[in-house]
Amino acid sequence: MSSANEYAIVALGLRKRFGELEAVRGVSFKVRYGEVYGFLGPNGAGKSTTVGMLITLIKPTGGEAFVAGYSVVREPVEVRRRIGVVFQDPTVDRDLTAIHNMLLHARIHGVPSRIAEERAWELLEMVGLEEHAYRPLRDYSGGMIRRFEIARSLLTNPRVVFMDEPTIGLDPHARTGVWDVIRELKRRGVTVFLTTHYMDEADKLCDRLAIIDHGRIIAEGTPSQLKSKVAGDTLYVRVEDGGVARLKRLLARYGEVKDAGNGLLVLVANDAPRLLPEIISEAQREGVRILETRYTRPSLDDVFLLLTGRRLRDEGGDWRFWGRRVARRLL
Ligand SMILES: Nc1ncnc2c1ncn2[C@@H]1O[C@H](COP(=O)(O)OP(=O)(O)OP(=O)(O)O)[C@@H](O)[C@H]1O
Ligand SMILES: [Mg+2]
């Protein structure tokens, strides 16, 4: 199949059923070599199950996928030779140092030891951990563990790296550190498939992404293509009480206006940065005094809301992640 060789990943109607529940309901997409491609979706959307099928740990109940040109169903060994994986839950031996974890991984994956050591050091340096190479991983912060795992996933020199929620549960500073590493991989030409439920992460890192909900892809494209599905920017203009009616008439020339009360008018229109100065000078000309202006541009969360009627942002934080961590510690 020709497109299987041109693309790093080709998924064709992939499905996975767990008993009654169909967790993945026929997903199809293509990822080019060198792309950072994202799967953005809420808890339980089917992200990890899709990754599981692509990395040959979960057998699809329908459809097919090719990774680095090989079938995940018929040639799993060939696929595994060409990929790196960062799992959703960290998989490191915390009693071992970073360098020992690296060398252990190299041995498991058959990387010759003379190559492994040099490469391990180079990768630890790439993720800014070379000075911590001899510390046991139990002393590492969550962000350092994630950076370590990304470095380790590259030991075998894979063409495609899968990262399942690489920044889940990390604080904003640590997340930025992981993003820097992912950008560096892109510079080096590595193909990255990542899942996330953070819309800012998907927006910042991905060349293209799919929004996944209840096991289906509900939208796909570049972050700006997806955001252009949303009606436009939202402008907030506050005026003195006496000016509301006049300003409302003025704003109505540009798009749909809502009166939010207390002199605040809300306008949805395209290109707020260009529009706002124009509105201000028009208002001045008409003798309306503007007290305050602000605008927001569409986010991927707005796209999700438009498509599903729900917010992607989970207000409760990463409770599943913390729940699992606590459970693991107790068990
Ligand atoms: N081994 C399994 N057996 C039964 N159900 C499963 C299994 N693995 C996943 N599921 C269910 O399939 C659905 C999709 O799960 P999946 O882990 O793929 O979601 P996700 O998008 O990765 O979510 P999260 O953000 O929580 O990681 C969920 O309803 C989950 O409970
Ligand atoms: Mg998951």
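Buried residues are those under 20% relative accessible area, and exposed ones are over 50%. All views show a predicted model.

**View 1. The buried and exposed sides of helix H4.** The buried residues of H4 (98–108) are Ala-98, Ile-99, Asn-101, Met-102, His-105 and Ala-106. Seen down the axis of H4, these buried residues fall within an arc of 160°, so they line one face of the helix. An α-helix has 3.6 residues a turn, so residues three or four places apart point the same way. The buried residues of H4 pack against helix H5 (113–126) and helix H6 (142–153). Arg-107 and Ile-108 are exposed on the other side of H4. Just after H4, Gly-110 has a positive phi of about 70°.

**View 2. The protein donors of the magnesium ion (ligand 2).** Ser-48 belongs to helix H2 (residues 47–54), while Gln-88 is in the loop between strand E6 (83–86) and helix H4, so the pair ties together parts that are 40 residues apart in sequence. Ser-48 is partly exposed, at 32% relative accessibility. Gln-88 is buried, its relative accessible area being 14%.

**View 3. An open sheet of four strands.** The strand order is E2-E1-E4-E5, and the pairing is antiparallel. Strand E2 (21–32) and strand E5 (70–71) stand at the edges with a single partner strand each, so one side of each is left without a neighbour in the sheet. Strand E4 (residues 62–67) runs antiparallel to E5 and is joined to it by two bridges. Phe-66 stands opposite Ser-71 in E5.

Key
Residues numbered from 1 in each chain as written. Chains lettered and ligands numbered in written order. Predicted model: local features only at pLDDT ≥ 70, side-chain atom pairs only at ≥ 80, totals over all residues. Heavy atoms only, no water. Donors = N, O, S within 2.8 Å, 3.2 Å for Na, K, Ca; no water. Buried < 20%, exposed > 50% of the residue type's maximum accessible area, 1.4 Å probe, protein only. Pairing = 2+ DSSP bridges. Arc of directions from axis to C-beta. Contact = heavy atoms within 4.5 Å.
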